[in-house]
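Dear colleague,

Please find the structure below, handed over for your own work. The findings follow directly after it.

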Amino acid sequence: MPPEQTQAISLTAVSKPSCTKIPPSLANTIIHYTTSNITPQQTFKEISVTAQILEKKSPCNFLVFGLGHDSPMWNALNHGGRTIFLEEDEAWIETIRLKHPTLESYHVTYNTKVHEAQDLLELGRLPACTAIGDMRLSECQLALKELPSVFYEVEWDLIMVDAPTGYIPEAPGRMGAIYTAGMAARGRREGETDVFVHDVDRMVEDKFSKAFLCEGYLIQQEGRLRHFTIPSHKTDIAKPFCP
């Protein structure tokens, strides 16, 4: 056997497969869910709808209205991308930060109440609420104009609306979050945004997702979760608000 062949065989025999460590964020997420007995708010089938889109699009820009027990999971499923969480409860933000300091979360306030939903639904049909533009300058009462600056600076590939609270008349409700998610999708320069709304068994989530995310953009409903895919409207100013 020629010497060069002998050398090649020897090198092959001693070579070892490469070993790559998983990132700390993924390791911490695995440990968290392995040792926790808290069940996420969404069911396995509901979570799977968003997870399938993240599998295709991640790493991407993922915005979540709400900070909860499922937040480390969403952050891990978008590994390498940017996932931010908008939360109304400052004390809860601090509680989660102690357990998961790598999550990017921001405090937000809402000026609406669930009992105002029907009036806001009617106002949402006015021209001021269907015009595409900078939401910080919007005259629509549904527009969330005082979110953290990162919201307006980033084009979001996925948006999950699972907050704020909306189960009592005095709660803020998700009217503004649903509307603002739809307008952010329409206002991107190009492409499309996948928008998910949870708790569509409730009146606000049901009516507002149909009105402002549009039944024509509805891709799927699984349990209490709806998935919409909304294209940019900036590339076609003649595009109707809903198809």
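Cysteine 214 has a relative accessibility of 0% and therefore counts as buried; buried means under 20% relative accessible area, exposed over 50%, and partly exposed in between, with a 1.4 Å probe and protein chains only. This is a predicted model, in which local features need pLDDT of at least 70 and side-chain atom pairs count only at pLDDT 80 or more, while totals for chains, interfaces and linings use all residues. Residues are numbered from 1 along each chain as its sequence is written, and side-chain values use heavy atoms, with hydrogens and water left out.

Cysteine 214 forms a disulfide with cysteine 242, the sulfur atoms being 1.8 Å apart; a disulfide is a pair of cysteine sulfur atoms within 2.5 Å. Cysteine 214 lies in helix 9 (residues 203-214) and cysteine 242 in the segment after strand 7, so the pair ties together parts that are 28 residues apart in sequence. Helices (H or I, at least four residues) and strands (E, at least two) are DSSP runs, numbered from the N terminus. The torsion about this S-S bond is about -70°, so the disulfide is left-handed. Cysteine 242 is partly exposed, at a relative accessible area of 29%.

The whole structure holds 2 disulfides. In the other, cysteine 129 is joined to cysteine 140 at an S to S distance of 2.0 Å. Both cysteines lie in the loop between helix 6 (117-123) and helix 7 (149-153), so this pair ties together parts that are 11 residues apart in sequence. Cysteine 129 and cysteine 140 are both buried. With the bonded cysteines of the chain numbered in sequence order, the pairing is 1-2, 3-4.

The segment after strand 7 (225-231) also contains lysine 234, which is partly exposed with a relative accessible area of 49%. Beyond its neighbours within four places in sequence, lysine 234 is in contact with Ile132, Arg186, Gly187, Arg188 and Arg189, where contact means heavy atoms within 4.5 Å. Lysine 234 and alanine 185 are 49 residues apart in sequence, and their C-alpha atoms are 9.9 Å apart in space.

Helix 8 (residues 175-187) has 13 residues and reaches 18 Å from its first C-alpha to its last, close to the expected 18 Å at 1.5 Å a residue; the expected span is 1.5 Å times one less than the number of residues. Of its 13 residues, 12 are buried, among them Ala185 and Arg186.

Yours sincerely
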